[in-house]
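Subject: Handover of a structure and the findings on it

Dear colleague,

Please find below the structure that I am handing over to you. My notes on it follow directly after.

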Amino acid sequence: MPVHERKIEIANPAKLGTGFDYPLNTLISKALKWAGATINPSDWLKILAELVEGAGKIRLPESRDGKAYYWIHLSLLKASAHVIRLQCEKLNRPISGAWYDENNERFQKIFETQPLVLDYKFLQDPCASPFLVEYFAGFEAWLTHMLGLGDQDARLAVEQLKERFGQEYTLALYGRDYTEIFSYLRHEMVEDELRNDIRKNYREHLKSLYHQPVLNEEVMRLSDIYIEPGFYLHAHCLPEKDRRNGRKIKTPETNRETHLVESGFKGNLHQYMQDFLAEEDSLALKKKQVPRFMILLGHPGQGKTSFCLRFVHDYLNRKYPIDKPIYYIRLRDLQDVDALFRSVEERLKNHLALMEEKRQKEDFRFQPTEFSDAMWVLDGFDELVMKESVREEDINDFCRELAKISRDPQGPHILLTSRLGYVDEKKIYWHDTLVLQLQEMPLEHQKEWLRRYKAFHPEAELTLTEAGLDELAKGNTRGVEKLVDQPILLHMVATSGIDLDKATNRAAIYKQLFDRLIERLVKRDWDTGRVHGLEKMKEKDLRKLLQEIALAIFQSPYEYINESEFLHNPASKQFLVALERKNLQDSLKNVLVAFYFQAVEMEGSGPAAYEFLHKSLQEYLTAEKIWATFLRLTSQDEEDEFSIRDARAAMELLSPILAPKSLSVEIRNFLLEIISNEDTTKNKGIFDRLSSFIEDFEQNDYLLRYEYGSGFPEPAPLEKITNLAYVIIAVLSQIRRTLISENPPAMPPISSNTILTTATIHPLPLVFAGGEGVGLRGADLRGADLSQADLSQADLSHASLSLADLSLASLSLATLSLATLRNAFLIGADLRGAVLRDADLLNAYLSGANLSGADLRGADLSGADLRGADLRGADLRGADLRGVDLRVADLSAADLRGADLTKCFSLFKAKGLPGKIRKSLEASHPHLFEEPKPK
């Protein structure tokens, strides 16, 4: 049957069968009687309650007829009752029951004699249907007769009824499942209306996110305290000429050659988004097409998500010059990540549709170009990577695929946010990708944020003032001024009374934060009536509980802990005993909120779940838990014997904490800061204990062979070896660095196999790895990330290190003879006294490196970047210097016999050249001393 011929006929309810325990026509009649019986508002509320109760007694048949009858007649019931009440209030007089009895028969006849037909015409204009025309005529006559309304007033009242019916009709339509009716009628206009309404609800939901409470506040919202951020531009987005000469480098944010530069844009990031969407080249990128794919980087808590929510809010309020849909996806919510990397657009679309269907209980289907020609906001790529342990090649493929998708003129504009370090900048399609980074909050923004915050928390003046921010900005606090340039840190400082003068790094701030929270909650706040019993707990037990929760969240596949997992965690036992059992859930929630947790929105009726207000809190406490575990190696029993007596016991202690999952960059950095803040005696104790176990660890490959079935997907043995060895080596190396001023002990012997495995397989930089005399002769370390590694005195002769990252690495006195270092990153590396005889350093990046006293005889340095390098006393006899960039390099006392400086790329502002050599070169090759043009 053609769509336009399909219809549903609804006759007298009695003909629909026995499905109606409480016929709707009776409810209609009662509504009219009740509405006319009173004008008292309080009585009217009682009437409505009875009406709803009556409607709830209806048991409908499963047929289309029954559902349609219920939908239309219930809408009429509510609309009629509403209009009658308004007329009674307007006339200020009740209607007697006798009048009702005399005229009720008029309405009964309409329900019993006039069938209601639903077809596409009804769906277009329900009020034009014969059934409703007769109903409205009867209603108008009833108003004239019963209330004495004039013809004009009665007609106006009927218009009110039609309008109200339209509202009730729509509300009922979207509040219940009428899929069967519309799948039968399948009218295009109905589907369009449904789709438009679903999209409208989605847009309103997105707009509301910017006005949601933040920072566990009940009243203060993101929109109340948000400050528009500035931004930096990644230098590789610029043409080569501008990258090398034209723009002032602001801050090197990586250890590679790539740097951030001032954007040159006169305005904040939100203002720049106007140009991004309009595809205007206001950043002087000078590309054929301004990229439509933007990666926005930032530190934890810096405001990436806040920026997204404000941007989406403004976009939907038409503050940007673009008229196409916008979609916001929290990437951490994605489930089938493998499918994402196989088909990016299709997977994102399916995920969004599924999430909205769950939220709205409606089918969120896309039109053919509705998703592809849109604005995509993909928030939190780093959280997806951490949650799913995404492979590096998949990360690169994902970014490249987004760039490719955005390249299509009919494709989307895309914004992807991530923390630093999760996107490999060397693998980006620079011609199709724009990389920006949020600027830290400058002093004036910090003050403005504080002023807005104090409108809700005037007591914050006791702990953080504008004068205090001025003092921090002077830079007299050993770098702590950098710890209040992000909103999350400002909030914690303002609320906790942290003493910034005693903080040397971010870990010290977080330690003070939790010290203050626990002290305040245990000693003062449990008697407020919200939570009882925890005053009996010791502060160290609460701290241990928080650490255990943080570790459980870190090791789980998710970013939260649900209530059942919390209740079954062994560390929760003492905590739960202390809590008031009759209000356990409320008490638990109050305690967790006090410790910067927030509830997680869970679909369906799953158990309650909690996550840290900000991920950096969980990362710090995880690092604190790891260090607390290492400290147990030095604990002693009553007989002054170590509780952990041998390497196997140490493995049993450390492996469950460190082996299941590799540390994130942030947890690693917190751990290193905690060690640098630790008491020297404790650090020495840990170093000695670990050193005594290293030989056994090495012999057993850092692996407990029986360790399986942890409850989560078990990593492969090689991954567990790498995870555990990496942290042990990093801890040893960091402790040794803290003891530099006290005759540091020698590193225990680490096998080259361990160093190789950790360096080439571990997904994170091998920080401070190795030690004096590490044997890596002939090792294949191509592309390995060894940035900041401690490889002093290591034997790397004949090693393959092409494209390896050794930026800021310590390679003093290392042997690198005949090593291959083509295109390797050695920016800022310490190569004092290193032996690099006949090494292949073709196109290597050595800017800022310290090569004083290094042996570079016969080395191939052609095309190398040695800008600002320290080459004092270096032996460069016979070295190949073709195309070498020696700008601002220091060549004092360097041995340049046999090295042809005439073939250098630049000697601009180079220091230390012997007078005769300089004069000869200035005469024969003056361009070498001029500011060079880009290669």
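A salt bridge is counted here when a side-chain nitrogen of Lys or Arg lies within 4 Å of a carboxyl oxygen of Asp or Glu. Asp-865 and Arg-867 form such a bridge, with their closest N and O atoms 2.6 Å apart.

Before the remaining findings, two remarks on the source are in order. The model is predicted, so local features need pLDDT of at least 70 and side-chain atom pairs count only at pLDDT 80 or more, while totals for chains, interfaces and linings use all residues. Residues are numbered from 1 along each chain as its sequence is written, and side-chain values use heavy atoms, with hydrogens and water left out.

Salt bridges

In general, side chains of opposite charge can pair when their charged atoms come close. By the rule stated above, the count comes to 40 salt bridges.

In the pair already mentioned, Asp-865 is buried, with a relative accessible area of 8%, whereas Arg-867 is partly exposed at 26%.

A further salt bridge joins the side chains of Asp-875 and Arg-857, at 3.5 Å from N to O. Both Asp-875 and Arg-857 are placed in the loop between helix 31 (752-761) and helix 32 (915-924), 18 residues apart. Helices (H or I, at least four residues) and strands (E, at least two) are DSSP runs, numbered from the N terminus. Asp-875 counts as buried at 13% relative accessibility, and Arg-857 counts as partly exposed at 26%. These two residues also belong to a network of salt bridges that links Asp-855, Arg-857, Asp-875, Arg-877, Asp-895 and Arg-897.

Which salt bridge involves Glu-624? The side chain of Glu-624 meets that of Arg-543, with 2.7 Å from N to O. Glu-624 lies in helix 26 and Arg-543 in helix 22, so the pair ties together parts that are 81 residues apart in sequence. Both Glu-624 and Arg-543 are buried.

Helix 22 covers residues 539-555, 17 residues in total, and reaches 25 Å from its first C-alpha to its last, close to the 24 Å expected at 1.5 Å a residue. The expected span of a helix is taken as 1.5 Å times one less than its number of residues. Helix 22 is mostly covered, with twelve of its 17 residues buried. Among them are the charged residues Asp-541, Arg-543 and Glu-548, together with Leu-542, Leu-545, Leu-546, Ile-549 and Phe-554.

Helix 30 (residues 717-738) has 22 residues that should span 32 Å at 1.5 Å a residue, and its end C-alpha atoms are 32 Å apart, which agrees. Helix 30 is also mostly covered: 17 of its 22 residues are buried.

Loops

Phi of Glu-279 is near 60°, and phi of Leu-803 is near 65°. Most residues other than glycine have a negative phi. Glu-279 sits in the loop between helix 12 (269-278) and strand 6 (293-298) and is partly exposed at 33% relative accessibility. Leu-803 sits in the loop between helix 31 and helix 32 and is partly exposed, with a relative accessible area of 48%.

Where in the chain is Asp-408 found? Asp-408 is in the loop between helix 17 (392-407) and strand 9 (413-419), and it is partly exposed, with a relative accessible area of 40%. Asp-408 and Arg-292 are 116 residues apart in sequence and 9.4 Å apart in space, C-alpha to C-alpha.

Glu-440 lies in the loop between strand 10 (433-438) and helix 18 (443-454). This residue counts as buried, at 15% relative accessibility. Between Glu-440 and Phe-231 there are 209 residues in sequence and 8.4 Å in space, C-alpha to C-alpha.

Yours sincerely

Definitions and conventions
Buried means under 20% relative accessible area, exposed over 50%, partly exposed in between (1.4 Å probe, protein chains only).
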